[in-house]
Amino acid sequence: MTFDELSPADRRLVDKARRHTLTSYAPYSRFRVGAAILLSNGEIVSGSNQENAAYPSGLCAERTAAFYAHATYPDAKFQTIAIAAVGTDGLELPDPIAPCGACRQSLLEYEKLAGGDVRVILAARDRVYILPSVRSTLPLAFVEF
């Protein structure tokens, strides 16, 4: 779908993810990613990728947001995560990107804690994908439900 076809709540979440690409610290890859998570208490927690010269000691946007969300609101359940990225040319990507394997596994833990599906919105300049759950991004997942 397109951004304009999203619900107002989903557009707000995507906008937060897009804004957080600007807080990324990516001097090595120059690939900036932002993530925003809607929690069951109505809060939206955002994060961005943070690189380090001791590569790969940095952290992806999805895990930055997830860890902060749970540390700050441990009783709130994840409902939806939106992810956006800006390429090395400084422009929003034309096609959505998916979380890396480590982020998928980490997010799956929070989906398990939520006790139900956590929607995933992958946003790009020209299109948006909405996935029904984190689990749908990780076939044959390593988790016990």
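**Close-up 1. Strand β1 and its partners.** Arg 32 in β1 faces Val 86 across in β3. Eight bridges connect these two strands, which run antiparallel; strands are said to pair if DSSP finds at least two bridges between them. This is a predicted model, in which local features need pLDDT of at least 70 and side-chain atom pairs count only at pLDDT 80 or more, while totals for chains, interfaces and linings use all residues. Residues are numbered from 1 along each chain as its sequence is written, and side-chain values use heavy atoms, with hydrogens and water left out. Helices (H or I, at least four residues) and strands (E, at least two) are DSSP runs, numbered from the N terminus. Five bridges join β1 to β2, again antiparallel, and Ala 36 has Ser 46 of β2 as its bridge partner. Look for Gly 42 in the hairpin of β1 and β2: it takes a positive phi near 90°. Six of the eight residues of β1 are buried (under 20% relative accessible area; exposed is over 50%, partly exposed in between; 1.4 Å probe, protein chains only), so the strand is largely enclosed by the rest of the structure.

Close-up 2. Five strands line up in the order β2-β1-β3-β4-β5, with mixed pairing. The edges are β2 and β5, each pairing on one side only. Helix α1 (residues 8-20) packs on the sheet and touches β1, β2, β3, β4 and β5, where contact means heavy atoms within 4.5 Å. At the β5 side, four bridges join β4 to β5 in antiparallel fashion, and Ile 121 stands opposite Ile 130.

**Close-up 3. Helix α2 and its neighbours.** Helix α2 covers residues 61-72. Its buried residues include Ala 61, Arg 63 and Ala 69. The buried residues of α2 pack against β1, β2, β3 and α3.

Close-up 4. The structure holds four salt bridges, each a side-chain nitrogen of Lys or Arg within 4 Å of a carboxyl oxygen of Asp or Glu. In one of them, Arg 119 meets Asp 10, with the closest N and O atoms 2.7 Å apart. Arg 119 lies in β4 and Asp 10 in α1, so the pair ties together parts that are 109 residues apart in sequence. Is Asp 10 buried or exposed? Asp 10 counts as buried, at 11% relative accessibility, whereas Arg 119 is partly exposed at 27%. Another salt bridge joins Glu 92 to Arg 18.

Technical notes: The expected span of a helix is 1.5 Å times one less than its number of residues. Axes are lines fitted to C-alpha atoms, for helices over the stretch in contact, and angles run from 0 to 180 degrees between N-to-C directions.
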